[in-house]
Amino acid sequence: QVQLVETGRGLVQAGGSLRLSCAASGGTFGNYAMGWFRQAPGKEREFVARISWSGGNTYYADSVKGRFTMSRDNAKNTVYLQMNSLKPEDTAVYYCARYRDRYGWGSQDYWGQGTQVTVSS
């Protein structure tokens, strides 16, 4: 059974930075693409970023492009989301997820429990 655990929750001021981590256990981490998603109060969960199995390909939502950077360390079974120039509209619960394939073209099969990010204006 695959488990994903996000860490790095926090309260930051607008313009600040925060780094989220997602540690995986079980399964073969390096064989799958990983993604970050978020859900703000009263809104549906939305895609934020994804990274291919090797880390060679990344893709971002337009709303975070140029501000967020996703990376992975397969030796540590961990993915990261570096968030810079944070805005109040980035406030949400952030989830990491594993895709069913190497490049993130399909759906996700495992999810973390989520971590809260709050950006004050």
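This is a predicted model: local features need pLDDT of at least 70, side-chain atom pairs count only at pLDDT 80 or more; totals for chains, interfaces and linings use all residues.
Strands here are DSSP runs of E with at least two residues, numbered from the N terminus.

**View 1. The loop between β7 and β8, with asparagine 77.** Asparagine 77 sits in the loop that links β7 to β8. Its phi is positive, about 55°, even though the residue is not a glycine. For context, most residues other than glycine have a negative phi. Asparagine 77 is partly exposed, at a relative accessible area of 28%.

**View 2. The loop between β8 and β9, with serine 85.** Move on to the loop between β8 and β9 and you will find serine 85. Serine 85 is not a glycine, yet its phi is positive at about 50°. With a relative accessible area of 42%, serine 85 is partly exposed.

**View 3. Strand β11 and its partners.** Strand β2 (residues 10–13) pairs with β11 in the parallel sense over four bridges, and valine 12 stands opposite valine 119 of β11. β9 pairs with β11 in the antiparallel sense, over three bridges; here tyrosine 94 has threonine 115 in β11 as its bridge partner.

**View 4. The largest nonpolar core.** This core has 28 residues, and those touching the most other members are Trp36, Met70, Leu81, Met83 and Tyr94. Elements that give two or more residues to the core include β4 (34–39), β7 (68–73), β8 (78–83), β9 (92–99) and β11 (115–120). β3 gives the most, with four residues.

Note on methods. Residues are numbered from 1 along each chain as its sequence is written. Side-chain values use heavy atoms; hydrogens and water are left out. A nonpolar core is a set of buried Ala, Val, Leu, Ile, Met, Phe, Trp, Tyr and Cys residues joined through side-chain atoms within 4.5 Å. Buried means under 20% relative accessible area, exposed over 50%, partly exposed in between (1.4 Å probe, protein chains only). Two strands pair if DSSP finds at least two bridges between them.
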